[in-house]
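Subject: Structure handover

Hi,

Here is the structure I promised to pass on. Have a look at it first, and my notes follow below.

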Amino acid sequence: MRNWRGALVSTSASALPSSSSPSASTTRLRKMGNIKSATSLALLPFLSCFSSLSNSTRNKPKFVFDKIDDALKLFDRMVLCYPRPSVVEFNKLVGAVARMKNYDSAVSLCKRMELEGIRNGVATLNILINCFCRLGVLSFGFTTLGKMFKLGIEPGVITFNTLINGLCVQGKFAESVTVFNEMVRDGYQPDLITYSTLVNGLCKIGKTTEAIRLLKKMEQGGFQPNAIVYNTVIGSLCKDMFITEAFNLFFEMNDKGILPDVFTYNSLIQAMCDSQKWEEVKILLSEMGGRGIKLDVCTSCILVDAFSKEGMVSDAQKLIEEMIKQGIEPNIFIYTALIDGYSLRGEMDKARKVFDLIINKGYVPDVFSYSIMINGYCKARMVDEAVKLFHKMSDRGLTPNTVTYNTLIMGMCQVGRLCAALELFEDMVACGQVPNSMTYSIMLDGLCKHGHIHKASELFQGIQKNGFQLNIVHYTVLMDGMIRAGHVTGAKELFLRLATKGLCPDVYTYNIMIKGLCKAGAPNEAYELFRTMEKDDCLPNDCSYNTMIQGFLQNKDTSRARQLIDQMVGNGFSADISTSAMVVDVLLGDGTDLLCSGKVDTSEKITGADVK
């Protein structure tokens, strides 16, 4: 137990308490209903489950101070008293100061107690360790632990819990596990708080498997996890979309008589909404109602957001109306989700009404709320309205972020206002917002699609000179622009440069190059590239086949077109409208080459192909 200073040494996740390996996925998965994507959820019967807001009351401790000076004056009077109050009373006073979050003052009082000859006990030193942990000076906390051993004072589980919690608060989860292992190895018995703190810490860093292991070890040690512990693990599993494991733990909870609460259901409902498992959402809401568990603001926010993203804005609106009827005021996150729903549907008048409503209610829309509105206006090609909102945002003291700029720049590019897009890009850099990969993709795409290849090339080179690592998307966008402008040679040079940059072309890159080469009257070179795709583990898709077949037909190479049609159909792909039209033209003209194969029933495979 003298190695506690070593607990601050960085450790790996392998420092977890040893226990049997986690059991395999349970064979008992209770199905929550058929997985369906419903157009209407019919969830409104459960909307009466809203909870009313209430405040819990607690018994007040003996020492409660409005000002720190009152506590310090009382300490002075207690020191001068004869006989002096017991150390227990001094500890209560110092504890009250610590609860006021005046940790520096609490530490000073502990030192004064020692100077005044008031004997240090485990309770006093525990308070001191807690203050050091709260102040972020954990090394002093461990030094105090060493002092306890030196004075012959036996630390208790509260001592170790305080240190473990302090480590977790600072994100030193591996070190907290080390302390736990040392604690157990030296014969100290962890309690429910010890396990709960560690489980929470492991879940926060995404080590849910280790948290489940600790949960099992907790039970082996005779401690029954409570709803809070289960909720922590279930929430982490749902966040990582381990839905089966989350429900298994949920059923285990129920089997052990540990009642789930609104937090448990919120995690599961969020996961089901994210997975679009609407039947399960209805079942969970029904179960909540049956158990008398009221929906809270968080539940409502999850549902409104899910409805809005699925385009079911009327359901989201009804849910909000029901909340208001129940006396629960929707928060800005709920209103923002509704705005997003209207924006996705292009109903900007309704989105603006909700946006103005939240301002009238006294809420202050943040950058995220403004960005959603700007995105909606841009998608509706109402860029002037988007610009007005952008300026209003700045007038209110909000700084547009990279997402806001990207959204507005894309909107300008879509309506052909390239000068405005470039001005926004320059303004973005001048304001200290760092362009990201998406920013550069938007700018290159906008310039290329509107024929400004020279400017796009200049921007491309400028980005490289600034040290930004361009990815395959940026190269593909510029290659596409070059081919559209008839600069196939330049596109080829850019394509050949990919290998030197350590970039692998994807199927979109190959398709663009194949199309460009075919368009330039080089079907043989295009076909070589087509064959290279499989060698590079980039399998051709339907677009690849259609582009290559069209290239052969355009260059009167019906023989290879026929062979590739066979291969395309054999791989489960079908002709698109352009390919089908070209085949029909050949058949009606001089299409004997397509018909002369005795091995291929072209009438069935070509004319019978699904037309996309």
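Keep in mind that this is a predicted model. Starting with the rings, the count comes to 20 aromatic pairs. One aromatic cluster is made up of Tyr527, Phe530, Tyr545, Phe552 and Phe573. Tyrosine 527 also has a charge over its ring: the charged end of arginine 560 sits there, 5.4 Å from the ring centre.

Next, a helix pair. H14 (residues 297–309) packs with H16 (residues 332–344) at an angle of about 5 degrees, and their axes are 8 Å apart. Angles under 35 degrees count as roughly parallel, so H14 is roughly parallel to H16. On the H14 side, the residues involved are Val297, Ser300, Cys301, Val304, Asp305, Ser308 and Lys309. From H16 they meet Phe333, Ile334, Ala337, Leu338, Gly341 and Leu344. Sorted by class, this contact has 8 nonpolar, 3 polar and 2 charged residues.

Now for a few loops. Isoleucine 118 is in the one between helix H3 (103–115) and helix H4 (122–134). With a relative accessible area of 9%, isoleucine 118 falls under the 20% cut-off and therefore counts as buried. Leaving aside neighbours within four places in sequence, its contacts are Arg84, Val87, Phe90 and Met113. Valine 79 is 39 residues from isoleucine 118 along the chain, with 9.2 Å between their C-alpha atoms.

Isoleucine 258 sits in the loop between helix H11 (243–255) and helix H12 (262–274). Isoleucine 258 is buried too, at 11% relative accessible area. Not counting residues up to four places away in sequence, isoleucine 258 touches Gln224, Pro225, Asn226, Ala227, Tyr230 and Met253. For glutamine 224, the C-alpha to C-alpha distance to isoleucine 258 is 9.4 Å, and the two are 34 residues apart in sequence.

- The peptide bond from tyrosine 82 to proline 83 is cis, with omega near -5 degrees. Proline 83 is in the loop between helix H1 (68–80) and helix H2 (87–99).
- Glutamine 276 is not a glycine, yet has a positive phi of about 60 degrees. This residue lies in the loop between H12 and helix H13 (278–290) and is partly exposed, at 35% relative accessibility.
- Arginine 381, also not a glycine, has a positive phi of about 60 degrees. Its loop runs between helix H18 (367–379) and helix H19 (383–395), and arginine 381 counts as exposed, at 51% relative accessibility.

Cheers

Definitions and conventions
Residues numbered from 1 in each chain as written. Predicted model: local features only at pLDDT ≥ 70, side-chain atom pairs only at ≥ 80, totals over all residues. Heavy atoms only, no water. Axes fitted to C-alpha atoms, helices over the stretch in contact; angles between N-to-C directions. Helix = DSSP H or I, 4+ residues; strand = E, 2+ residues; numbered from the N terminus. Parallel < 35°, antiparallel > 145°, perpendicular 65-115°, else oblique. Contact = heavy atoms within 4.5 Å. Nonpolar A, V, L, I, M, F, W, Y, C, P; charged D, E, K, R; others polar. Phe/Tyr/Trp six-rings, centres within 6.5 Å; stacked < 30°, edge-to-face > 60°. Lys NZ or Arg CZ within 6 Å of the ring centre and 35° of its normal. Buried < 20%, exposed > 50% of the residue type's maximum accessible area, 1.4 Å probe, protein only.
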